[in-house]
Amino acid sequence: TWTKQDPTGQHDSFSFHAMSADGSKQIAVNYVDGYVYTSIDTGVTWIKRVGPGSHSWNGVAISADGARQAAVVNNGYIYTSDDFGVTWAEHQEPGYRQWSAIAMSNNGAVLTATSAVGNVYISHNSGASWTGQVIPGSPILNSVAMSADGTKQTAVGYGSPNGYIYTSNDIGATWIARTSAGQNYWSSVAMSSDGTKQMVA
């Protein structure tokens with residue numbers, strides 16, 4: 001059974017969503033008004049967060065306890081919050097890019113953001129600093145997921161010539177193209193907490 005929530009009254013205008021381990025804390029981004037919305041009561045009520053501004057958001061992530069949250073902008077910057085989405089910091093260090101997705105470890109310390117031009121940027125300190133890595137072939141990347149501790153990560157490519165599944169077992173330091181599943185227009189990836197089970201679509 002499902003319960004409809006429409007905090008903006010704009011109907012079906014949310015594009016990305018994430019929730020804490022117990023589901024009580026949630027984050028969503030609205031592609032009509034371009035704002036971040038957060039909930040601390042399992043999605044019953046929502047608060048519009050104007051702090052990070054109105055943007056074309058391309059992905060969100062949240063820590064297990066919901067305190068740390070992150071969002072990326074297509075043709076923009078990375079934004080993070082460490083107080084359940086109340087205040088936000090704009091991170092200009094990794095640059096103004098075509099960010100396509102972001103993933104976060106359970107404790108919120110490890111962040112991995114992907115760009116549409118085949119780069120990944122990893123932070124080990126909740127977004128304070130970032131290290132860039134180039135995935136072999138510089139694929140167009142569409143989605144990224146990580147294990148609870150951030151050690152295992154998977155990103156998916158989109159289309160020809162490098163639309164493969166890419167995995168890392170060292171917190172994003174090195175990446176391997178997994179060609180057994182073939183080349184495809186992969187759009188999303190999900191992973192179990194220990195990273196042993198993964199699914200792409």
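Strands are DSSP runs of at least two residues, numbered from the N terminus, and two strands pair if DSSP finds at least two bridges between them. The model described here is predicted. Strand β2 covers residues 26-30 and pairs with β1 and with β3.

**Burial of β2**
- Buried means under 20% relative accessible area.
- In β2, 5 of the 5 residues are buried, so this strand is largely enclosed by the rest of the structure.
- Q26, A28 and N30 point one way from β2, while I27 and V29 point the other way.

**Pairing with β1**
- Strand β1, residues 14-19, pairs with β2 in the antiparallel sense over 5 bridges.
- H17 has A28 of β2 as its bridge partner.
- The hairpin of β1 and β2 has 6 residues between the strands, and G23 takes a positive phi near 80° in this hairpin.

**Pairing with β3**
- Strand β3, residues 36-39, is also antiparallel to β2, with 4 bridges in the pairing.
- V36 in β3 stands opposite V29.
- The hairpin of β2 and β3 has 5 residues between the strands, and here G34 takes a positive phi near 80°.

**Surface patch**
- I40, F84 and V86 make a nonpolar surface patch of about 280 Å².
- F84 lies in the loop between β7 (78-81) and β8 (89-91).
- The relative accessible area of F84 is 34%, so F84 counts as partly exposed.

Note on methods
Residues are numbered from 1 along each chain as its sequence is written. This is a predicted model: local features need pLDDT of at least 70, side-chain atom pairs count only at pLDDT 80 or more; totals for chains, interfaces and linings use all residues. Side-chain values use heavy atoms; hydrogens and water are left out. Patches are made of residues with over 30% relative accessible area and no salt bridge: like charges are joined within 9 Å, nonpolar side chains (Val, Leu, Ile, Met, Phe, Trp, Tyr) within 5 Å. Accessible areas come from the Shrake-Rupley method with a 1.4 Å probe; for residues, only the protein chains shown count as cover. A salt bridge is a side-chain nitrogen of Lys or Arg within 4 Å of a carboxyl oxygen of Asp or Glu. Buried means under 20% relative accessible area, exposed over 50%, partly exposed in between (1.4 Å probe, protein chains only).
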